[in-house]
Amino acid sequence: MKYIHTHREEYVMSFYKKLNIQQPREIIPSDIAQALHIYIKYHDKPSNFQCVGRYKAIMLQQGLPREEERLHFFHELGHLLRHAGSQLFMPNEFTELQEWDANHFQFYAAMPWHMMRQFDFQSITIVEELSDSFQVPPSFAERKLAFVLHKAQEYQAHLNDTYDYKNTHHLKEQFITDKQAYYED
């Protein structure tokens, strides 16, 4: 399967490579936090993060199911790794941008493509396999799988369009733009 990955996916791949995380079973939030000197604390409020000087903490909402807690962890980790400043003093548009970015970081970090490639996407139990392996809710695994399959179809359609265009107009092929890369299995 050919799949074009995004800049955020590149960021996550590099992040996991630096931490020597290569398999889904190695994605352990407490180990990631420890490696990055981030405290994990629980409280009865919505999940958030704190960063004061060198002190960094992810404050997770108490009582969440384990799979949901992981998603909250990755969302807040996205804020700590990629954002600066307090949202209390930011314009709403910038806060929304940071939330959008943290949601995308969560989407890629909770189930990175480079680890998903080892699975058989034709399996009738693929959603359950992904959910169990990455310890995410089945609905999240299903959404990520749909995203990956859609991106693979986009890539194939792009190849087909480029091929027809090239044969019709004799122009040079240009498969990948905007610093995107592809994987081939």
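Colleague: Where is Phe94 in this one?
Modeller: Phe94 is in helix H4, which covers residues 92-110. Keep in mind that this is a predicted model.

Colleague: Is Phe94 buried, partly exposed or exposed?
Modeller: Partly exposed, since its relative accessible area is 41%.

Colleague: And which residues make the nonpolar surface patch?
Modeller: Phe94 does, together with Leu97 and Trp100, and the patch comes to about 310 Å².

Colleague: Where is His37 found, then?
Modeller: In the loop that runs between helix H2 (29-35) and strand S2 (39-43). His37 is exposed there, with a relative accessible area of 64%.

Colleague: What's phi like at Gln135?
Modeller: Positive too, at about 55°, and Gln135 is not a glycine either. Gln135 sits in the loop between helix H6 (126-134) and helix H7 (138-169).

Colleague: Buried or partly exposed, that Gln135?
Modeller: Partly exposed, because its relative accessibility is 22% and buried means under 20%.

Colleague: Switching to helix H3: what span should its 17 residues have?
Modeller: At 1.5 Å a residue, helix H3 (residues 66-82) should span 24 Å. Its end C-alpha atoms are 24 Å apart, so the two agree.

Colleague: Which residues in H3 are buried?
Modeller: Among them are Arg70, Leu71, Phe73, Phe74 and His75. Glu76, Leu77, Gly78, His79 and Leu80 are buried as well.

Conventions: Residues numbered from 1 in each chain as written. Predicted model: local features only at pLDDT ≥ 70, side-chain atom pairs only at ≥ 80, totals over all residues. Heavy atoms only, no water. Patch = residues over 30% accessible without salt bridge, like charges linked within 9 Å, V, L, I, M, F, W, Y side chains within 5 Å. Areas by Shrake-Rupley, 256 points an atom, 1.4 Å probe, with all protein chains shown as cover. Salt bridge = Lys/Arg side-chain N within 4 Å of Asp/Glu carboxyl O. Helix = DSSP H or I, 4+ residues; strand = E, 2+ residues; numbered from the N terminus. Buried < 20%, exposed > 50% of the residue type's maximum accessible area, 1.4 Å probe, protein only. Expected span 1.5 Å × (residues − 1).
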